[in-house]
Amino acid sequence: MDDDNITPATRQSSVLDLHREGRRHRRRASIRSNQEPSERTRLLDVGDNRRGYTSVPGTPRPRLSRHQSSTTPKTLRPSRAGSFTSRLTKALTSYDTKSRRDEPYLDDRVWYDQFTSTDWINDTIKDAYRVKALRARKDIRGRLYAWFDGAQGWILVAIIGFVVACIAFFVDVTENVLFDYKDGYCTNGWYYSKKKCCLSEDCWYSSIHAKTSTNGKTANEFCPMWTKWSQAITGSETPVEYIDYMAYVVSTVILATLSSLLTMTTRTVLPGSLNIHTVDEDLSQINNVDAPKSSAAHKAPASAPVSYYSAAGSGVAEVKVILSGFVLHGYLGLKTLVVKTFALILSVSSGLSLGKEGPYVHIATCVGNIACRLFSKYNHNDAKRREMLSASAASGVAVAFGAPIGGVLFSLEEVSYYFPAKTLFRTFFCCIVAALSLKFLNPYGTSKIVLFEVRYVTDWHIFELFVFILLGIIGGIYGALFIKASKFWATTFRKYKLVKNHPVMELSFVALITGLVSYWNRYSRLAVSELLFELASPCTANPSENSGLCPKPDEIPATIVYLLIALALKSVLTVVTFGTKVPAGVYVPTMVIGGIMGHTVGLAVEYAYYIFPDSALFASCGVGSSPSKCVVPGVYAMVCAGAVMCGVTRLSVALAVILFELTGSLDHVLPFSLAVLVSKWTADALEPLSIYDLLTDLNSYPYLDTKMKPVFSSQLGDITPRVRPERVIDISESSLVQASELRMKLGILQAAGELDGGLPVVRDGVLVGLIPAPDLEFALDGLHGDEDELCLMSPRDDYSISSDEDQSIKDPTDFTPFIDPAPVALERHSPMDLVYECFAKLGLRYLCVLRDGQYAGVIHKKVFVKYLKEVHEGRAS
């Protein structure tokens, strides 16, 4: 045949034939060098070089640093010792991998890279093929494995619930003892808290007969076996106030500083190209984000590395983003779990205005992430893993508030992005196991899961409905102002270099101020859980049975003033504490602030009833009714506590159910729900974002909030970037592409921050496939530094292997299995509502754009989320 008659298609076909023939020759030589096959040799036993990772579109990378071209093949393969479950799995099943089409989805996948997004579609397809292969077995072993596979989820959530309860028990008991150490110690046992010391047999007789002391303290504060530090230092039986004051302040600073130093051990440095400003609830970077992006001054700081501490803050915002598919390696690891647990004990016992309920969500999610390693079904599939993480986060709320149903609703409403029906039932089971386990462990010795669990026996009256609405408005206004005050404090005080570069010093300063000002006010000195219990507890006719705040009628004005002082102190201390580098939650501190406001309003209403008992306003109370039956300030405290917490966090249904489970009063569900609704409406009008939504928005996470869908007036083509040759793999001339060219294109993609993006494969302008960036980098690393190799980039439809022996050994220069032959694509004239549904419902990382059937560009999820933000702010049409 003459050269003039050879067409480009024929020339390309000849090149491909030569390339495949050379590949087959190398594979046969490798097989013959390893062993001589016979007619009895199984196909899967031939050769020993079968790789242990999957060749599928969107395959996540292993935990390797970038540019691993110099590594050996042995370091590229994950070296994991087979667990019991993996050995059991191999013993009970044998997958049929003869189908070339199904094989990639049945192998073990490698890890997702740091700061990338989960490929939900690929993980779902992979699990579908796994289930398909599982159900193909009809024998006894296959049925046993199918039963074991179905039971793995239930076993896992039961383990998670029990472990979370054990950790909560350890934290509750330990922080109680350390918190009381600031006042003194028990002579019966150094490991006793003040309450347990006073309830011991030696103190029982004295506690019964000491009704009240001369300074008005109740009987449970009279405890002869409890020794104050001034008594231990001076040897006198009379406490010395200034010595106890100094001991309290010093111990507060020491405990808080130790907690901060422990938190510093989880420091992680992020490259500035990721545009992530904080992962530990530091709002000081807000001004950098809000600055004009067109200025050159803004682009310079973006390249500076950013440090964060995975054990700091509550972690709720990051857990929410992780459950949406974002990958943060190490944030849910064992080190973070251990450090955050012990640092949380120290921070709570220091007396800072923070809570442990938010960090419980993070700790429980860490437990779930570690427990998923027990079963390969969850360990090697990120979508399945996130189902378990949703249940884990719910169990954290269950042990924090003693509310298993509220925990399920919290996971569904606040943190979970993908929540199928089967996950709902498993989440409920996990919360029940956690709550029951903690109740049996009995951390407080009261048979209660949480310390501030109360019971109301009286119903509310009609006139109180208007007060509950007022409390909802107050709670919403305060919640919005709290968010604005937190932003103001973070963008002013924390902007100073001395404070910004020395977070431990800032925390020690906050602890010093907390100790100095909170000692003299009893309600600012109490632990937040104990204070909330006193504020929410109802009063009874028998004064000796009252555990709450029950002043006499003539003492109500003075008590109101005392509570207002405590309210001011708690408000300021909570604002300055939020964002410091210690494990800190904001749930209970805001509830305490709301409880103080609500109890103050309740005392005012009760005082009005004392003065005007015959008023028509109180006609529903009945003639001659006692004030305790007409007005219960504890109910007002709990209602306003929920309203303020809703104003800060924007929880609604879950919060109402949590309040119901805390009180056990079905009669008060309506007041709780009404106050929460009014608070949310008010807070949304003043500050659209909750405190955790603000953190998510600050970091520019690829989080697509499905709660609010904007109104679009544009099309997909309006936000599609122009096609650039350096971001496209063109195989029009040949399907063989040099590795150096692929490495260059990959570097351009990574420099743009699209670590989980992809390079489209185009032939004659037609989109024929797409290779994800993590897969391409992993494939290039397998070339062992040979950048002159020609890599086959042909779509899978054009690639076939005729001989069975070719399936046992794979050529590292063959990138075909990494290519997605059918990426999701839309026409450029598609409405933005359709694009929104594709990203929200399918969990896409990128979306290809076509114009009259020709390739026209790729839209990354981060670009679309940025566009949604501009639409929301009115900067885009």
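**Figure 1. Surroundings of phenylalanine 401 in the predicted model.** Apart from neighbours within four places in sequence, phenylalanine 401 is in contact (heavy atoms within 4.5 Å) with Glu357, Val450, Phe452, Tyr587, Val588, Met591, Met645, Ile658 and Leu662. Phe401 also belongs to the largest nonpolar core, which has 157 residues, and it is listed with Phe410, Met591, Leu704 and Phe864 as touching the most other members. Helix 27 contributes the largest share of this core, 12 residues. A nonpolar core is here a set of buried Ala, Val, Leu, Ile, Met, Phe, Trp, Tyr and Cys residues joined through side-chain atoms within 4.5 Å, and buried means under 20% relative accessible area, with exposed over 50% and partly exposed in between (1.4 Å probe, protein chains only). A second, separate core of 22 residues includes Ile729, Ile771, Leu783 and Phe815. The model is a predicted one, in which local features need pLDDT of at least 70 and side-chain atom pairs count only at pLDDT 80 or more, while totals for chains, interfaces and linings use all residues. Residues are numbered from 1 along each chain as its sequence is written, and side-chain values use heavy atoms, with hydrogens and water left out.

**Figure 2. Helix 23 and its cover.** Helix 23 spans residues 528-536 and is mostly covered, with seven of its nine residues buried; helices (H or I, at least four residues) and strands (E, at least two) are DSSP runs numbered from the N terminus. The buried residues are Val528, Ser529, Leu531, Leu532, Glu534, Leu535 and Ala536, and their cover includes helix 14 (357-371), helix 22 (522-525), helix 24 (556-577), helix 25 (587-611) and helix 27 (633-649).

**Figure 3. Valine 528 within helix 23.** Valine 528, a residue of helix 23, is buried with a relative accessible area of 9%. When neighbours within four places in sequence are left aside, valine 528 is in contact with Leu354, Lys570, Val588 and Val592. Valine 348 is 180 residues from valine 528 in sequence, yet the two are 9.0 Å apart in space, C-alpha to C-alpha.

Figure 4. The structure holds 30 aromatic pairs, defined by Phe, Tyr and Trp rings (for Trp, the six-membered ring) whose centres lie within 6.5 Å, with planes under 30 degrees apart counted as stacked, over 60 as edge-to-face and the rest as tilted. Tyrosine 245 and tryptophan 520 form a tilted pair, 4.7 Å centre to centre with 45° between the planes. Because tyrosine 245 lies in helix 9 (residues 241-264) and tryptophan 520 in the loop between helix 21 (503-518) and helix 22, this pair ties together parts that are 275 residues apart in sequence. Tyrosine 245 is buried, with a relative accessible area of 18%. The rings of phenylalanine 410 and tyrosine 587 have centres 6.3 Å apart and planes at 90°, so this pair is edge-to-face. Phenylalanine 410 lies in helix 17 (residues 404-415) and tyrosine 587 in helix 25, so the pair ties together parts 177 residues apart in sequence; both residues are buried.

**Figure 5. An aromatic cluster and two lysines over rings.** One aromatic cluster is formed by Phe712, Tyr836, Phe839, Phe864 and Tyr867. The charged end of lysine 182 sits over the ring of phenylalanine 179, 3.9 Å from its centre, a relation that requires NZ of Lys or CZ of Arg to be within 6 Å of the ring centre and within 35 degrees of the ring normal. Lysine 861 lies over the face of tyrosine 417, at 5.8 Å from the ring centre.
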